[in-house]
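This report examines one protein model.

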Amino acid sequence: MDMTRRDFIKVTGLGTVGAALASFGVDMKPAKAALREFKLTGAKEFTTVCHFCACGCGQIGYVKNGKLIQLEGAVDNPVNRGGLCPKGLGYATVPNSDQRPMKPLYRAPYSDKWEEISWEEAIDKAARAMKRARDEGWKQTEMINGETVTVNRTDALGLLGGSQINNEELYQLVKIARAMGMSYIDNQTRVCHSSTPPALSGAFGRGAMTHHFGSFHDAKLIWIEGSNMAECHPLGIKNVMEAKKKGAVIVNVDIRFTRTSKIADHFFQVRPGTDIAFLGGIINYIIQNNLYDADYVRKNTNAYCLLRDDFAFDDGIFSGYDEKKRKYSMETWGYALGPDGKPLKAMQIDAPNTVFSRLKEHFSKYTLEKAAEISGCPAEQIKQAAEIFAANRPGMMAYALGMTQHTIGAQNIRCFTIVQLLLGNIGVQGGGIAALRGQPNVQASTDYGIMFQYMPSYLGMPTEKTNTLAKWTNYYGTFRAKFMKNLLKAWFGAAATPENDYRFDLLTIRNTTIPPHSIYAMFDAAVRDEIKTFFCIGQNPLVTLANLNHVYDGLTHIDTVIGEDIFLNETYCFWQKPGVDPKTIKTEVVFLPAASYLEREGSLNNSMRMMQWRMKGPDPVGDSKPDYEILDMLWRRIRELYADSTEKKDEVIKLLTWNYGQGPEMVQNLLKECNGYDVATGRMLKGIGEIKDDGSTACGMWIFAGVYGDGNRTMRRGQKDEGGRGIYPEYAWVWPDNIHVLYNTASCDEMGQPRDKDRSLVWWDAVKGRWEGYDVPDVWSRTLGPDTPQGQQPFRMNAEGIGRLFCADYTDKVNGVSRDHSGTPVDGPLPAHYEPVESPIKNPMYSEHTKAQFNPCVIYPRVESAHPIGTKDKFPYVLSSSGICEHWCSGTVTRNVPWLNELVKEPFVEISAELAKELGISPGQMVKVSSARGSVKVKVMVTGRARPLKSAGETVHTVWMPYSWGFIGLSKGESTNYLTIDALEPNVQIQEFKACLVNIEKV
């Protein structure tokens, strides 16, 4: 049937006519194409990347007269292949939303209203507030352990943000924060995935997702635990479904039956906080039944390494524990070393004191019966799970916040690393561990070191123990010192020379003897009136943090809050909280309206480390500005305010390089500095191998070296996929060095040939004398073959060069000089089960008198009056919280999208039919949910998703709530996080969102 545009317009004027035509067999595809062509005539097309979860879905947009008129999925993106989730589609309303502030806003102290101000006034107020806080809180020196240490630090200025801005803006942000001497610096990864880097890097050497999304397609098993992937990463699950079509077995382990469980072949329900017990049972079963890959374990892990004789684990406590400090000394967790300082190795894997024999002994206590008693999952099901895992290789594990947000978060993920190393599933196509990140650029905000403990590219933040370049190098090794020198050269230019240690003396020194400077510690300090100015960019802690009453209290003590975002949210409007008299609140608030991601350009990193480019589409609304322009204006004004200073503390501000130009040129130049360059010629570095340690190169982000090697590679959209592995090496760029499957030489045998030829990735080409492959080989040098020591180091970012089943404290030395250091979780070299801080049962793993009911290193309570511990007698039910498909994180964006509000209108609590019957509660009834920290009133949803479980002889009821609501936006509701507990995991200070105790009462 032929149809003109005029005919089509007439038909579509009555939608029912179009439906009627289709029902009579009329092919409507030409009509739809005609409509699209008509709508897009004269429109400018641009490509970008979605704003929500970190799948990195490609989008195509169309602009007319500076306005967005169409947004759809990009079919050439390897992750989503044209698909978008409801949020990705719903963002199309944001550029034209009437809810967005059009001008900078100011709330004066004790005022009850916003007033519009100019950009000049807003930037000046923000810059002066930051300068005032820096100066008032400045510490040039500090007494630490009886010594006077130069620390170059202010503890009165706090920063939170980064996961929603682009890479180039993150680089601006970290330079500003470090030059200002901030110690309180954090981003959303603290709340979601901060426990991932120490767990993955402790085992493998790098703290990021090990593979690409295309690798899912070649898995025989996909094990999803602690992730509702179908809801929270909807286009990620699309790749899982492709694997399922090819015969892959899908397993889901969770506390409730979810949309992900629905598509799984097997579902195993566990009690919140018991993943180590469940996985411990599987690890024990694999070892006891010799189901591990013996050749892989021998060649690629530290299983044969000998440990010290004095290492011990007794009744839940590792050797070296200081009960008063609630900390461990790691001394006894090391290897038995030979005269050369290298780990001694046994001839037999199960010889006394080998890593493997210690591993076997440790997990032998996790019998199927004990694992069942703790987790609530029947023993026969745990056995079935173990047999499924062992029988289907390669197998891939995927996880998200259900694993990370615990006081044992890092050790949860360590269990994954142990299983995957035992089964030979790391460094292989179809294997690996997928850390499913939840914000568009939260991977990069971690990469850039928007965290108190890291410098950019995971370089350790200097402390009183590493406060000179020599001390820092002695601890972290010469390998990483090269990258620190290049970072300093990029930041301080000609002022950084070998003779002055590249001005390492200008860096802020973190004091490890006081509480860590995480976002939670920041609000603890705010309550003590120590935080004077708080800069928040693209985040909303008054919805997303735990124990919100404490967060609110902290905000009321701060002098100035600076907000930079596309919408107003609860944090910037905390003085408008229902029931609060704003005339009692002293805090001034400066709000800087930012352009949305569609309205500016730049790159960002998805979960699989892929760096993609966002083109600018529509014009910024009103007087809003791109974040890179705002940050540039802010830093230039701060620098002006310090122009006449001669104080030593301000030298760093004058020396910091900041020569990026304006507009789009600025963004490109920022990425170039991240890539690195030859100082003499300006030539862009083509990879990490070109970085020098003599001052002749400068590189702001060593892990990104090569991204601009021959032009901006993040812009690439090539579809070539030699070998059919889903790698697409010419699409965008992946750090490091465009390696898509990390540790990929572990897929080879000792001759450098693929162990699984159907899934080959890389191989040694003896004729060419170099490593070749469908992926870039993860090697020191492509010419160092498998017959060389360095050619046999598949986990080369570990000091040992091999995967670590046991995370020993180890520094590799060459001629007595530290070359590299392997990180160790502070709460143990092996995972051990501990109960959540608030638990309905005694820990069944240890004796009745154990000191290890919960993690013995947990950071809680910190402020006695604000950090209670609920007990079962008052709060008998276990609450777990998470996100849903239709809303995202704090809801700052999604609650301002009418389409999404229509899908899910309000918060609710989900309870089992058994609990509803016990309490006499009907579906839709309003209830009060309370914890030791607060209470909320919401409606009830009665479901069969979370069955009551028997654990340690008791019936445990789990209830569940989404958390994406607050009192600002088109959709309002009480936030779940007034209930949750901010007990902190000791490695990274992530909170225990996934398990706290509550009560439920009818209203």
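Helices, of at least four residues, and strands, of at least two, are DSSP runs numbered from the N terminus. The model discussed here is predicted.

**The second largest pocket**

Helix H20, residues 478-492, provides the largest share of the lining of the second largest pocket, namely 3 residues. In total, 26 residues line this pocket, and Ile688, Gly689, Asp737, Val779 and Trp780 are the ones nearest its centre. The volume of the second largest pocket is about 450 Å³. Sorted by class, its lining comprises 14 nonpolar, 5 polar and 7 charged residues.

**The largest cavity**

The largest cavity holds about 610 Å³ of space. It is lined by 42 residues, and those closest to its centre are Cys232, Leu401, Ser882, Gly883 and Lys994. Of the elements, E32 gives the most to the lining of the largest cavity, with 3 residues. The classes in this lining are 17 nonpolar, 18 polar and 7 charged residues.

**Helix H11 and its partners**

How does helix H11 lie against helix H13, and at what angle do their axes cross? The axes of H11 (residues 275-288) and H13 (residues 355-363) come within 9 Å and cross at roughly 125°. H11 and H13 are therefore oblique to each other. Their crossing is left-handed. On the H11 side, the contact involves Gly280, Ile283, Asn284, Ile287 and Gln288, which meet Phe356, Leu359, Lys360 and Phe363 of H13. The residues of this contact divide into 5 nonpolar, 3 polar and 1 charged.

H11 also packs against helix H14 (residues 368-375), at an angle of about 170° and with the axes 8 Å apart. Angles over 145 degrees count as roughly antiparallel, so H11 is roughly antiparallel to H14. Ala277, Phe278, Gly281 and Tyr285 of H11 make this contact with Leu368, Ala371, Ile374 and Ser375 of H14. In the contact of H11 with H14 there are 6 nonpolar and 2 polar residues, and no charged ones.

Which peptide bonds are cis? The bond from Trp735 to Pro736 is cis, and the bond from Tyr860 to Pro861 is cis as well. The table lists the omega value of each.

| Peptide bond | Omega |
|---|---|
| Trp735 to Pro736 | near -5° |
| Tyr860 to Pro861 | near -5° |

Pro736 is situated in the loop between strand E27 (733-734) and strand E28 (762-765). Pro861 occupies the loop between strand E31 (817-822) and E32. The strand E32 named here also contributes 3 residues to the lining of the largest cavity.

A further backbone feature concerns Arg609. Although Arg609 is not a glycine, its phi is positive, at about 75°. Where is Arg609 found? Arg609 belongs to the loop between strand E23 (602-605) and strand E24 (610-614).

Methods
Residues numbered from 1 in each chain as written. Predicted model: local features only at pLDDT ≥ 70, side-chain atom pairs only at ≥ 80, totals over all residues. Heavy atoms only, no water. Axes fitted to C-alpha atoms, helices over the stretch in contact; angles between N-to-C directions. Parallel < 35°, antiparallel > 145°, perpendicular 65-115°, else oblique. Left-handed = near helix turned anticlockwise from the far one by under 90°. Contact = heavy atoms within 4.5 Å. Nonpolar A, V, L, I, M, F, W, Y, C, P; charged D, E, K, R; others polar. 1 Å grid on protein atoms, 1.4 Å probe; cavity = no way out; pocket = protein on both sides within 12 Å on 5 of 7 lines; lining within 4 Å. Points joined across faces, edges and corners; volume = space filled by probe spheres on them.
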